[in-house]
Amino acid sequence: ISITNTGDTIHLVIEDNGKGFDLTKTVKGIGLINIRNRVEVACGQLQIITQPGQGCRMVIEVPVKPAD
């Protein structure tokens with residue numbers, strides 16, 4: 001897990017070397033749906049890189065709202 005703040009964007013990278021999965025198949029759990037929804041609410045972007053047998057890497061970028 002890595003979190004970086006560039007001043008205008010927070011970058012969150014979560015990766016593992018687990019079994020991975022096929023993103024083209026329908027995921028039956030609510031975990032990824034919840035992550036996507038939360039990133040969307042924060043006006044961010046989500047990228048998931050995974051393949052069966054290759055682990056998983058999620059990159060989330062969320063803009064930092066300037067203080068009033």
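Two strands pair if DSSP finds at least two bridges between them. In this predicted model, strand 1 (residues 2-5) and strand 2 meet that rule, because four bridges join them. The two strands run antiparallel.

The turn comes next. Three residues lie between the strands of this hairpin. Gly-7 takes a positive phi there, near 105°.

Together with Ile-1, Ile-3 and Ile-14, Ile-10 makes a nonpolar surface patch of about 420 Å². Ile-14 belongs to strand 2, which spans residues 9-16. How accessible is Ile-14? Its relative accessibility is 32%, so Ile-14 counts as partly exposed.

Move on to strand 3, residues 45-50, where Thr-50 is found. Is Thr-50 buried or exposed? Thr-50 is buried, because its relative accessible area is 14% and the cut-off for buried is under 20%. Its side chain makes two contacts with backbone atoms. One reaches the backbone nitrogen of Phe-21 at 3.1 Å. The other reaches the backbone oxygen of Gly-55 at 2.7 Å.

Last, the cysteines. How many disulfides does the structure hold? The structure holds zero. Cys-43 is exposed, with a relative accessible area of 61%. Cys-56 is buried, with a relative accessible area of 12%.

Note on methods:
Residues numbered from 1 in each chain as written. Predicted model: local features only at pLDDT ≥ 70, side-chain atom pairs only at ≥ 80, totals over all residues. Heavy atoms only, no water. Patch = residues over 30% accessible without salt bridge, like charges linked within 9 Å, V, L, I, M, F, W, Y side chains within 5 Å. Areas by Shrake-Rupley, 256 points an atom, 1.4 Å probe, with all protein chains shown as cover. Salt bridge = Lys/Arg side-chain N within 4 Å of Asp/Glu carboxyl O. Buried < 20%, exposed > 50% of the residue type's maximum accessible area, 1.4 Å probe, protein only. Disulfide = S-S within 2.5 Å. Polar contact = N/O pair within 3.5 Å; in protein donor to acceptor, adjacent residues only side chain to side chain.
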